[in-house]
Amino acid sequence: MSDPNSATLRLTGVSLVREQRTILETVDWSVHAGQRWVVLGRNGSGKTSLIRIASLYLHPSSGRVEVLGETLGRTDVRTLRTRIGLASPSLADQFRPDLTPVDIVMTARHAALEPWWHTYDDADRNRARSLLGSMGCAAVADQRFGLLSSGERQRVLLARTLMTDPALVLLDEPTAGLDLAGREELVATLGALAVDPSNPPTVLVTHHVEEIPAGFTHVLLLADGRVQAAGPIDTELTADALSACFGLALTLDHADGRWTARATRSR
């Protein structure tokens, strides 16, 4: 059992208020070694804000944020971010489209957006190419990022999260915009990473239970900025909890390691 005092990520009483609107309210949540979390909730429930706080790109209005033994506000976040693997649609949009996947993966070494900001060596480039190969992107390693398909871009960003052998991986809607084939390929890749005990604790944000990879162990349900449920996925992800979270009567099925949900038919 994980030591409750040695969380990789711990949020205590975290709230976020912007322009008199409460986005997150008194969130208590901890992520431990070996855990694979999925964060579920409707649009506007606070999921992306939660990940931005966990990745140290956003300060809460109140509460305490501890990441990898350091406390936000008492540490150099520029250094700490290099130990966090982050992939998000907003991050993808910040890269120049003429950068290559090798460049994009390699810049994770310094949590940078441009390769010319720092100096890299052959070991960095070889590491980037190896990770791209493990994600099935070896053939596009030297192409322009802006010319890649949505699925290829997401796999490049996933490779980037692993560049520094991170202690925590945060994935904000990595399947957004993918077609069915692209989604299933990425979910399978995430499932393979989830069952490898050598990989760090992982947090995946999504709207859809169908996108939860096999091997994920825990779930956090967010509704209107509040934690509705949090804990082992086998006990906390239920039809009743999901229905309350999304404000819609839903049925929930689990087969072959994957989840499906649909609205309850009216009689």
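Which residues of E3 point one way, and which point the other way? Keep that in mind as you select.

**Before you start.** This is a predicted model, where local features need pLDDT of at least 70, side-chain atom pairs count only at pLDDT 80 or more, and totals for chains, interfaces and linings use all residues. Residues are numbered from 1 along each chain as its sequence is written, and side-chain values use heavy atoms, with hydrogens and water left out.

**Stop 1: strand E3.** Select residues 36-41. Strands (E, at least two residues) and helices (H or I, at least four) are DSSP runs, numbered from the N terminus. Arg36, Val38 and Leu40 point one way; Trp37, Val39 and Gly41 point the other way. Each of these residues is buried, meaning under 20% relative accessible area; exposed is over 50%, and partly exposed lies in between (1.4 Å probe, protein chains only). Since 6 of the 6 residues are buried, E3 is largely enclosed by the rest of the structure.

Stop 2: Strands pair if DSSP finds at least two bridges between them. Find Leu40; its bridge partner in E8 is Thr206.

**Stop 3: Glu19.** Go to the loop between strand E1 (9-18) and strand E2 (21-31). Glu19 is not a glycine, yet its phi is positive, about 50°. Its relative accessibility is 82%, so Glu19 counts as exposed.

**Stop 4: Glu173.** Move to the loop between strand E7 (168-172) and helix H7 (180-194). Glu173 has a positive phi near 50°, again in a residue other than glycine. Glu173 counts as buried because its relative accessibility is 18%.
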